[in-house]
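Colleague: Could you walk me through this model before I start drawing figures from it? I'll ask as I go.

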Amino acid sequence: MGMEVTGVFGFLILVADVYAIVKTFQSGMSTGGKVAWIVAIVLLPLLGVILWFLFARKN
């Protein structure tokens with residue numbers, strides 16, 4: 001059972017990361033800001049998307 005839960009959790013993180021990256025591309029922030037957020041999301045999938053949701057989403 002642990003394998004299925006881990007797989008579902010990983011899939012949900014992937015979906016959240018893709019959503020955050022797409023919304024970052026569509027945002028009006030500067031190119032440098034976009035690159036920084038996308039790098040953070042890609043390198044730190046869970047923490048990056050949490051930080052994006054808390055700080056960058058409102059821009």
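Colleague: Where in the chain is confidence lowest, and where is it highest?

Modeller: Taking pLDDT as the predictor's confidence in each residue, from 0 to 100, the mean is lowest in α1, at 87, and highest in α2, at 95. The chain averages a pLDDT of 88, and 88% of the residues score at least 70. Where pLDDT is low, the predicted coordinates should not be read in detail.

Colleague: And what ground rules are behind the numbers?

Modeller: This is a predicted model, so local features need pLDDT of at least 70 and side-chain atom pairs count only at pLDDT 80 or more, while totals for chains, interfaces and linings use all residues. Residues are numbered from 1 along each chain as its sequence is written, and side-chain values use heavy atoms, with hydrogens and water left out.

Colleague: How many helices and strands does the chain have?

Modeller: There are three helices and zero strands, in the order α-α-α from the N terminus; helices (H or I, at least four residues) and strands (E, at least two) are DSSP runs, numbered from the N terminus.

Colleague: What share of the chain is buried?

Modeller: Buried residues make up 24% of the 59 residues, where buried means under 20% relative accessible area, exposed over 50%, and partly exposed in between, with a 1.4 Å probe and protein chains only.

Colleague: Which residues form the largest nonpolar core?

Modeller: That core has seven residues, namely Ala20, Met29, Trp37, Ile41, Val49, Trp52 and Ala56; a nonpolar core is a set of buried Ala, Val, Leu, Ile, Met, Phe, Trp, Tyr and Cys residues joined through side-chain atoms within 4.5 Å. Two or more residues come from each of α2 (31–43) and α3 (45–56), and α3 gives the most, with three residues.

Colleague: Which residues of α3 are buried, then?

Modeller: In α3 they are Gly48, Val49, Trp52 and Ala56. Seen down the axis of α3, these buried residues fall within an arc of 95 degrees, so they line one face of the helix, the arc being that of the directions from the helix axis to the C-beta atoms.

Colleague: And which are buried in α2?

Modeller: Lys34, Trp37, Ile38 and Ile41 are buried in α2, and they fall within an arc of 100 degrees seen down its axis, so they too line one face of the helix.

Colleague: Switching to Thr24, what does its side chain reach?

Modeller: The side chain of Thr24, which sits in helix α1 (residues 2–26), reaches the backbone oxygen of Ala20 at 2.7 Å. A polar contact of 3.1 Å also joins the side chains of Thr24 and Trp52; a polar contact is a pair of N or O atoms within 3.5 Å, and within protein one must be able to donate a hydrogen and the other to accept it, with residues adjacent in sequence counting only if both atoms are side-chain atoms.

Colleague: Is Thr24 buried or exposed?

Modeller: Thr24 counts as buried because its relative accessibility is 0%. Not counting residues up to four places away in sequence, Thr24 touches Lys34, Trp37, Ile38, Ile41 and Trp52, with contact meaning heavy atoms within 4.5 Å.

Colleague: What about Asp17, what does that touch?

Modeller: Asp17, also in helix α1, touches Ile41, Pro45 and Val49, with residues up to four places away again left out. Asp17 counts as buried because its relative accessibility is 10%, whereas Pro45, at 35%, counts as partly exposed.
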